[in-house]
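Reader: Please show me the model. I want to ask what the terms rest on.

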Amino acid sequence: MKFLKGMFRMLGSLERQLCDIQGRLFELSLRSGLDSKDFICKFMNSQTCKYLDLPYDRLQWAGEEYILETLLDEVSIKKDAVCFFSNEALFWMGYVYRYWHFERGESSADIYLRADARLMNDCYLGFHTLDVSMAIEDLEEIASYSRRS
């Protein structure tokens, strides 16, 4: 799906609810004692996340607890590790990643290649108050600059 710069579709309330579920999933990873970087990397590249990328899959509405159980059945994630992001940053990252997928039609794995956990955490303080579409544009710009360097 191709979009012109600045020309993205508006998300409906159901899509925004799915963004919220993913944000809560990311928060749940912290409460579950999972290493933040490892969780995000493995989630964004998982089969579980691919199901969430589909136009419809029952897993999308299963809730964050069930999604996390499904993910942990699929992959092993470091527990009680040293890398923990803040609860607020994790919610924002989860929300933005899902919003990005819906708005631009890109797979989660492709999005993660450009905006990994470190970049998202580094940008949180400056970007979390921006409109989500604007934050995504800025993240893409940073990612393209990093690839050129």
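Author: C19 is found in helix α1. Helices are DSSP runs of H or I with at least four residues, strands are E runs of at least two, and both are numbered from the N terminus. This is a predicted model, where local features need pLDDT of at least 70, side-chain atom pairs count only at pLDDT 80 or more, and totals for chains, interfaces and linings use all residues. Residues are numbered from 1 along each chain as its sequence is written, and side-chain values use heavy atoms, with hydrogens and water left out.

Reader: Why is C19 called buried?

Author: Because its relative accessible area is 0%. Buried means under 20%, exposed over 50%, partly exposed in between (1.4 Å probe, protein chains only).

Reader: Which residues does C19 touch?

Author: L11, G94, Y95, R98, Y99 and F102, not counting residues up to four places away in sequence. Contact means heavy atoms within 4.5 Å.

Reader: Which residues of the largest nonpolar core touch the most other members?

Author: F26, F39, I40, F43 and Y97, out of 44 residues. A nonpolar core is a set of buried Ala, Val, Leu, Ile, Met, Phe, Trp, Tyr and Cys residues joined through side-chain atoms within 4.5 Å. Helix α5 gives the most to this core, with ten residues.

Reader: What does F26 touch?

Author: Its contacts include F39, I40, F43 and Y97, not counting residues up to four places away in sequence.

Reader: Which residues of α2 are buried?

Author: In α2 (residues 36-44), they are S36, D38, F39, I40, F43 and M44. What covers them includes α1 (13-31) and α5 (87-104).
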